[in-house]
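Colleague: I would like to learn how to read helix packing and aromatic contacts in a model. Could we begin with the helices?
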Amino acid sequence: MEAREPLRDVRGALRAVLARLREGEPGEGREPFELPRFWDALGQTFQVTSQEATKLSLAFSRPPLPSSEDCQKLSEDVQNAILAVATVYYWLPKSQGTTLRKMVRDATTEVVEGMIQLTDTILNAPVESLSQEQLISTGGVWEACEQVSKLPRDNQAAVVSALAACLGVVKDAVEEMEHALVEGQDPYGDIMEDEELGFRGNRDTYWSEADRQLLSSCMGLMKASKACLKKVLAAVKAHGKAESPEQIAQLDDLADIANEISPSVDELALSMYPPVNPLAVRLNAAKLASVLKKVLEIAKTSHVCPPSEEGWVQFLTGAVDHNMNKVKNFTQGQL
């Protein structure tokens with residue numbers, strides 16, 4: 001075990017790097033900053049890290065174990081590779097976009113986490129053979145390092161990626177609720193079979209006709225959420241630019257507020273299941289409507305929304321108001 005001691009030290013150093021990465025944003029990056037040079041450097045550091053993971057894993061894949069000197073050299077090379085990855089990430093200034101920076105930070109964090117996992121596996125494994133865990137951990141580092149080629153190259157591409165991810169989650173939530181409503185009066189039928197539990201006369205697991213009228217308007221809001229994200233995503237793809245600080249900041253504002261749509265849709269959807277509390281539904285519907293109107297307002301005043309795009313902004317604003325007013329009417333007697 002003495003031969004592996006340098007590996008314990010490097011694991012501690014990697015954990016310190018990871019902690020610093022997770023703490024947040026470390027300043028304004030390196031000036032003058034050149035985006036193409038940054039990507040070249042980041043790609044190289046990820047590639048070197050992948051190679052160092054392979055070397056480390058091979059060295060501990062069969063007896064005899066590396067000597068203390070060899071283990072020291074392997075450990076130093078791993079530590080230097082990870083420090084280089086983190087250093088290049090820190091070059092990226094916030095002025096290039098917080099959405100882009102978060103995605104690069106997440107990718108960098110995955111690489112560091114993967115290398116920590118590999119050192120853990122080697123330190124905990126018997127020395128006689130290459131364990132399945134070590135193979136998986138090595139592959140995990142390779143996979144994390146390969147992600148650099150898939151990262152968005154500027155903040156416009158980063159915001160497109162973020163909006164597309166939000167849209168995917170909201171689409172799933174809308175489809176799930178549509179399916180539940182079409183199933184009939186019993187949304188829990190697929191998980192609470194009468195044959196297994198006996199006859200259920202508890203109306204708390206069913207929707208009343210009044211519930212369904214209220215939920216129809218809530219579905220209108222959920223569908224407006226999906227339409228809003230689709231339109232904003234298309235507008236960012238067509239008109240979004242990341243050439244000036246103002247454009248970059250506008251894109252980040254859009255991504256930040258759009259990130260609130262999915263949790264708001266989820267909260268509304270959860271409150272729509274029986275037993276329905278109309279006031280809870282109204283509260284969650286109002287929250288979602290507020291988020292959607294903020295998204296539309298931010299889009300309308302940004303560079304992604306030239307006059308040719310204003311029609312859908314007005315239409316969706318009207319759709320949000322229309323459905324929210326219906327929710328208010330249906331719940332008026334509950335106040």
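Modeller: A crossing is left-handed if the near helix is turned anticlockwise from the far one by less than a right angle, and right-handed if clockwise; helices are DSSP runs (H or I, at least four residues), numbered from the N terminus. This is a predicted model, where local features need pLDDT of at least 70 and side-chain atom pairs count only at pLDDT 80 or more, while totals for chains, interfaces and linings use all residues. Residues are numbered from 1 along each chain as its sequence is written, and side-chain values use heavy atoms, with hydrogens and water left out.

Colleague: How do helix 10 and helix 11 cross?

Modeller: Two packed helices are described by the angle between their axes and the distance between the axes. The axes (lines fitted to C-alpha atoms over the stretch in contact, with angles from 0 to 180 degrees between N-to-C directions) of helix 10 (residues 261-272) and helix 11 (residues 278-300) come within 9 Å and cross at roughly 160°. The crossing of helix 10 and helix 11 is left-handed.

Colleague: And how many aromatic pairs does the structure hold?

Modeller: A pair of aromatic rings is described by the distance of the centres and the angle of the planes. The structure holds four aromatic pairs, where rings of Phe, Tyr and Trp (its six-membered ring) pair if their centres lie within 6.5 Å, and planes under 30 degrees apart count as stacked, over 60 as edge-to-face and the rest as tilted. With centres 5.7 Å apart and planes at 50°, the rings of F33 and F38 are therefore a tilted pair; F33, F38 and W39 form one aromatic cluster.

Terms used:
Helices (H or I, at least four residues) and strands (E, at least two) are DSSP runs, numbered from the N terminus.
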